[in-house]
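Please read the model below together with its sequence.

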Amino acid sequence: MYRVGVIGDRDSVMGFRALGLVVLVAETREEISAAVQEALRQDCAVLFITEHAAVLVPDELEALRLRKLPAVVPIPSTRGTLGLGMEQVKETVKKAVGVDILGFDRAPEGKETDR
Amino acid sequence: MAEIRVNPTRMELLRLKRRLVVARRGHKLLKDKRDELMKRFLDVVRENRTRREAMERQLAAAHRGFVLARATMRPEAVESALMMGSAPLMLGLDTLNVMSVEVPVFLPEPQDAARSDVPPYGLASTSGELDGAILALRGAFEGMLSLAAAEKAAQLLADEIERTRRRVNSLEYILIPSLVETIHSITAKLEENERGARTRLMKVKDRLVERAVAERAERERLAGNA
């Protein structure tokens, strides 16, 4: 059995306590990377992290990206979204397709891509 | 293109030809795999995008709800109400096989309906806004969980696509051309050897004929003298 973790500033993540998630309040770089380790230790299969926190520890999150677990998902904080989550989706497309087709949802079906 | 260094023998040639057949078949298969992966990937990533948009909207609404709750209650009361926490949410995990890529599927343990509707805090010291905010957050959370699965699936598929593409390209642009070139050069060398052998035979024959002619001339000369 796995748990679900949330990392971010107090106001953004406290509400998740009521849902029974593992809530880790962290704001500085060190706190956040400690929180990520703690979440891994507690067997979190899904780790939500506010975008404002995610930008501070890009390397650690990148390392988790290729692992099967956990799924790290950036979420908007109370201060709104930085567009990081969408950016990451575009990065994924770029990696797979080879070009940054910005309007990737309009890409023609079964488009032949060699690179 | 670098050709493979091997002895230019007929045996090598046969071996290389067989390797070329295998390489071509592998190339075709991998190319098909890449195309199919790409098709699946585009579906997943499209879903990923719409789910993320929906989730960001829902979560923003839930955040607004909490702001409202903090406005109607003392902040410490909100804190302490939330501090109560609730029964830990457990997550089951299943995997789905998409083109031999293992993709996780998250299954939240069903919490019994009665408990999930009742907030984990006392109702006396809290406001209705807090209940509403938590309800909104619960709604957003379902979307967040399915987004997590879709996002992970997209990332893992992208990774596999990249790997497959590298393999296809290395077969197409490195291995197959170098095999073709090596086969060509061995064929050329064998033919060259054959031509060399033939000319050598012809030369030998010429010399033999020359010698025979000279011998006969010598015999005739001796016979004439006698």
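This is a predicted model: local features need pLDDT of at least 70, side-chain atom pairs count only at pLDDT 80 or more; totals for chains, interfaces and linings use all residues.

Q: What average pLDDT does chain A have?
A: pLDDT is the predictor's confidence in each residue, from 0 to 100. Chain A averages 82, and 86% of its residues score at least 70. Over residues 105–115 of chain A, pLDDT stays under 50. For that stretch the model has nine contacts beyond four places in sequence, a contact being a pair of residues whose C-beta atoms, placed from the backbone, lie within 7 Å.

Q: In what order do the elements of chain A run?
A: Elements are DSSP runs numbered from the N terminus: helices (H or I, at least four residues) and strands (E, at least two). Chain A has five helices and four strands, and from the N terminus on they run β-α-β-α-β-α-α-β-α.

Q: How many of the residues of chain A, as a percentage, count as buried?
A: A residue is buried if 20 or more other C-beta atoms lie within 10 Å of its own, exposed if 12 or fewer, and partly exposed in between, with C-beta atoms placed from the backbone. Of the 115 residues of chain A, 45% count as buried. Among contacts in chain A between residues at least 6 apart in sequence, 55% join residues at least 24 apart.

Q: Which backbone features deserve a second look?
A: Most residues other than glycine have a negative phi, and most peptide bonds are trans. In this model, A:Asp43 has a positive phi of about 60° although it is not a glycine. A:Asp43 is placed in the loop between helix H2 (29–41) and strand S3 (44–50) of chain A, and it is partly exposed, with 15 C-beta neighbours inside 10 Å. B:Ser100, also not a glycine, has a positive phi of about 60°. B:Ser100 sits in the loop between S1 and S2 of chain B and is exposed, with 8 other C-beta atoms within 10 Å.

Q: Is the peptide bond from A:Leu69 to A:Pro70 cis or trans?
A: That bond is cis, with omega near -5°. A:Pro70 belongs to the loop between helix H4 (58–65) and strand S4 (71–75) of chain A.

Q: How many residues does each chain give to the contact between A and B?
A: Chain B contributes 49 residues and chain A contributes 37. On the side of chain B, the elements that give two or more residues are helix H1 (10–72), strand S1 (91–98), strand S2 (101–108) and helix H4 (128–225). H4(B) provides the largest share of that side, 19 residues. Residue classes are read as follows: Ala, Val, Leu, Ile, Met, Phe, Trp, Tyr, Cys and Pro count as nonpolar, Asp, Glu, Lys and Arg as charged, and the others, Gly among them, as polar. By these classes, the side of chain B that touches chain A has 32 nonpolar, six polar and eleven charged residues.

Q: At what angle do the axes of helix H5 of chain A and H1(B) cross?
A: Axes are lines fitted to C-alpha atoms, for helices over the stretch in contact, and angles run from 0 to 180 degrees between N-to-C directions. Angles under 35 degrees count as roughly parallel, over 145 as roughly antiparallel, 65 to 115 as roughly perpendicular and the rest as oblique. The axes of H5(A) (residues 84–97) and H1(B) come within 10 Å and cross at roughly 170°, and H5(A) is therefore roughly antiparallel to H1(B). The contact of H5(A) with H1(B) has six nonpolar, three polar and two charged residues.

Note on methods:
Residues are numbered from 1 along each chain as its sequence is written. Chains are lettered from A and ligands numbered from 1 in the order in which they are written. Two residues are in contact if their C-beta atoms, placed from the backbone, lie within 7 Å.
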